[in-house]
Amino acid sequence: MNNKKWLIIAITLLLIISCNLLPCGWDYDLYKIHNEPTSEFIIGKYKLDERTLNYIPEYESAKNTELILEENGTLILKNIPIGTFDFMDYYNETEQNVNAIGNWKVRSGKYTANLDVDINFEKEYSKLDTTTSWKIYEKERKPVIFIIIGDPDSCTVARFIKTNNQ
């Protein structure tokens, strides 16, 4: 009986240490989009918000980072820290930026809007090519693309806010 008690305590501690029981709070100042956003709302150039630049070490010097959504469904990523897409580079704190191109489309549910993306990186980083989905929020009447970095339990997020309302 004593061994079972210690096993339960060990498992409980492991769960507490490895997962966040409380919400991260990275979206506390963002609003969920409840209807499918229009193309006019989504299309444009996005830059990292101040919170990302101030609190994510890999992004402190990433002021030239851009995410561009074009009207024809093309996605362009410029000077994105490689750790955004590669766990090992993120945890090794690799200071390297990559460029990529791909496609995007909006998918929405009852209470969320998502940006589904298909990303193709430059040749030397083609191992990172991926299809994924990012949440879309709203802040100050502008869309915010919400990209989780690394392990979701680490509460590390890159937030891209649209720079123009075109």
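User: Which strand gives the largest share of the lining of the largest cavity?
Analyst: Strand S7, residues 130-139, with three residues. Strands (E, at least two residues) and helices (H or I, at least four) are DSSP runs, numbered from the N terminus. A cavity is a set of points on a 1 Å grid over the protein atoms alone where a 1.4 Å probe fits but cannot get out, and lining residues have an atom within 4 Å of a point. This is a predicted model, in which local features need pLDDT of at least 70 and side-chain atom pairs count only at pLDDT 80 or more, while totals for chains, interfaces and linings use all residues. Residues are numbered from 1 along each chain as its sequence is written, and side-chain values use heavy atoms, with hydrogens and water left out.

User: What volume does the largest cavity have?
Analyst: About 50 Å³. A volume is the space filled by probe spheres set on the grid points, which are joined across faces, edges and corners. A search of the whole structure turns up one cavity of 30 Å³ or more.

User: Which residues line the largest cavity?
Analyst: Lys32, Ile33, Tyr111, Thr112, Ala113, Lys135, Ile136 and Tyr137. By class that is five nonpolar, one polar and two charged. Nonpolar here covers Ala, Val, Leu, Ile, Met, Phe, Trp, Tyr, Cys and Pro; charged covers Asp, Glu, Lys and Arg; the others, Gly among them, are polar.

User: Ala113, then. Where is Ala113 found?
Analyst: Ala113 is in strand S6. Ala113 is buried, at a relative accessible area of 1%. Buried means under 20%, exposed over 50%, and partly exposed in between, with a 1.4 Å probe and protein chains only.

User: What does Ala113 touch?
Analyst: Leaving out residues up to four places away in sequence, Ala113 touches Ile33, Pro37, Arg107, Ser108, Trp134, Lys135 and Ile136. Contact means heavy atoms within 4.5 Å.

User: What is Leu67 in contact with?
Analyst: Setting aside neighbours within four places in sequence, the contacts of Leu67 are Gly44, Lys45, Tyr46, Leu75, Ile76, Leu77, Trp134, Ile145, Ile147 and Phe160.

User: How many salt bridges?
Analyst: Seven, where a salt bridge is a side-chain nitrogen of Lys or Arg within 4 Å of a carboxyl oxygen of Asp or Glu. One of them pairs Lys47 with Glu66 at 3.3 Å, N to O. Lys47 in strand S2 (residues 44-48) and Glu66 in strand S3 (residues 66-69) are 19 residues apart. Lys47 is partly exposed at 26% relative accessible area, whereas Glu66 is buried at 11%.

User: Arg159 and Asp49: buried or exposed?
Analyst: Both are buried. Their side chains form a salt bridge at 2.6 Å, N to O. Arg159 is in strand S9 (residues 157-162) and Asp49 in the loop between S2 and helix H3 (50-55), so the pair ties together parts 110 residues apart in sequence.

User: Which partner does Asp116 have?
Analyst: Arg107, with the closest N and O atoms 2.9 Å apart. Asp116 counts as buried at 17% relative accessibility, and Arg107 as partly exposed at 41%. Elsewhere, salt bridges that share partners join Asp29, Asp49, Lys139 and Arg159 into one network.

User: Last one. How many helices and strands in the protein chain?
Analyst: Four helices and nine strands. Buried residues account for 42% of the 166 residues.

Conventions: On a 1 Å grid over the protein atoms alone, a cavity is a set of points where a 1.4 Å probe fits but cannot get out, and a pocket is an open set with protein on both sides within 12 Å along at least five of seven lines; lining residues have an atom within 4 Å of a point.
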